[in-house]
Amino acid sequence: MPNTPVMDRLVRKTVERHLPWNVHIDLTYRCNERCVHCYLDHHDYGEMTTREVKNVLDQLAEAGALFLTFSGGEIFLRPDLFELIAYGRGLNFDVSLKTNALLIDESRARKLRELGIRKIQISIYSADATIHDAITKVPGSLDRSLRAVQFLLAEGLQVKLACPLMKQNLAGFREVQALAEKLGVPYMLDLTITPMMDGGDGVLALRSSPTDLLRVLQDQNLNSRACTPPEIEPKSTFITGSSTSSGIESSAYDDIPCSAGHNSCYISPYGDVSPCVQMPKAAGNLRKQRFDEIWYGSTEMNRVRAVRESQLPLCSSCSIRGYCERCPGLAQMEGGDLLGAYERACELAEMNARLAGMENPISAMHLESGPAPVQSGIARRNDLVQVSL
């Protein structure tokens, strides 16, 4: 969504007043794919019912939410999906979807258009069916997803391809770009592979090293930070994206780590509310509390909301902070400290600064303690997640 002076003022107001205008809801963790890098536990431990989700949507509308993303798991495994979309649209939400699209046929694409869905993000891991299907563990999944893309485009819907990059598919990122261009749709390449929900960090072995990512990082069309001279303050890059992002950048976010807890949040299939999907410590549960009580009154939400970039103990003094894509959620999960630095972010920041022409860039964390093993200090997700059934 393009930024304009009017939109910038609107974003600023939502941040200043802590209005939750952008909400990401995972309707289910169940899925019909078994992607090798996925962090979710796909069992159903008691998802919110249709009635419960509708009640949540009523509360979000009352709280001032505007952008609503339904995701999962695979949302089309919920038999009430279209009913929930229709209910959300009836409350004037701008509804977007994230899906693998395996279950989208012509009739469902038509129904989505009739319901006024604005955007659908579809996970595509490679233009090579052998690689894509090996990642999803579902034979024929690439063909089915791309067929669904054609159905959606035929209905005039906005489609975006999302491709997390890992060792298995890194070599083919150019082909994914070419595929998106051939289809006439935007795309996102994401470097973020996160620990699993049960605390397992085995999936981090799928991450490509910063050296292997050079082909991506040195492309100025993909990574503006690495192509910005040291004397100029670098701007953000699209490579890593927020799960709750509406795609609107604003100076209102200048001294806060991200939108999480300020004007966006995450809701799990079980009603747990957290600032972001990357911050899995629940601030409260909608089966026990109202949304506004959690959003405005919870200790966890206010703790995240109080963080300022300029006050980070280590990162605020880092000479290459402008080249860093530090995520506070990943700082908590991987470094054990919401306010701290973590190895992956520092490695990529040093690589970006080096590519921009800075001689011997060293992050503040490495100046203080020296480089650490990539997977050291991973906080266990099961120590953070609070699922209240």
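**Close-ups of a predicted model**

Tyr270 is tucked away: with a relative accessible area of 2%, Tyr270 is buried (under 20% relative accessible area, using a 1.4 Å probe and protein chains only). This is a predicted model, where local features need pLDDT of at least 70 and side-chain atom pairs count only at pLDDT 80 or more, while totals for chains, interfaces and linings use all residues. Residues are numbered from 1 along each chain as its sequence is written, and side-chain values use heavy atoms, with hydrogens and water left out.

**View 1. Tyr29, Tyr45 and Tyr270 make up one aromatic cluster.** Rings of Phe, Tyr and Trp (its six-membered ring) pair if their centres lie within 6.5 Å; planes under 30 degrees apart are stacked, over 60 edge-to-face, and the rest tilted. Tyr29 is buried too, at 4% relative accessibility.

**View 2. Trp21 meets Phe67 in one of the structure's five aromatic pairs.** Their ring centres sit 4.9 Å apart with planes at 85 degrees, so this pair is edge-to-face. Both Trp21 and Phe67 are buried.

**View 3. Strand E6 (residues 187-190) is covered on both faces.** Tyr187 and Leu189 are buried on one side, Met188 and Asp190 on the other. Strands here are DSSP runs of at least two residues, helices (H or I) of at least four, numbered from the N terminus. E6 runs parallel to strand E5 (residues 158-164), joined by four bridges; two strands pair if DSSP finds at least two.

**View 4. Arg305 lies over the face of Trp295, 4.7 Å from the ring centre.** A charge counts as over a ring if NZ of Lys or CZ of Arg is within 6 Å of the ring centre and within 35 degrees of the ring normal.

Technical notes. Buried < 20%, exposed > 50% of the residue type's maximum accessible area, 1.4 Å probe, protein only.
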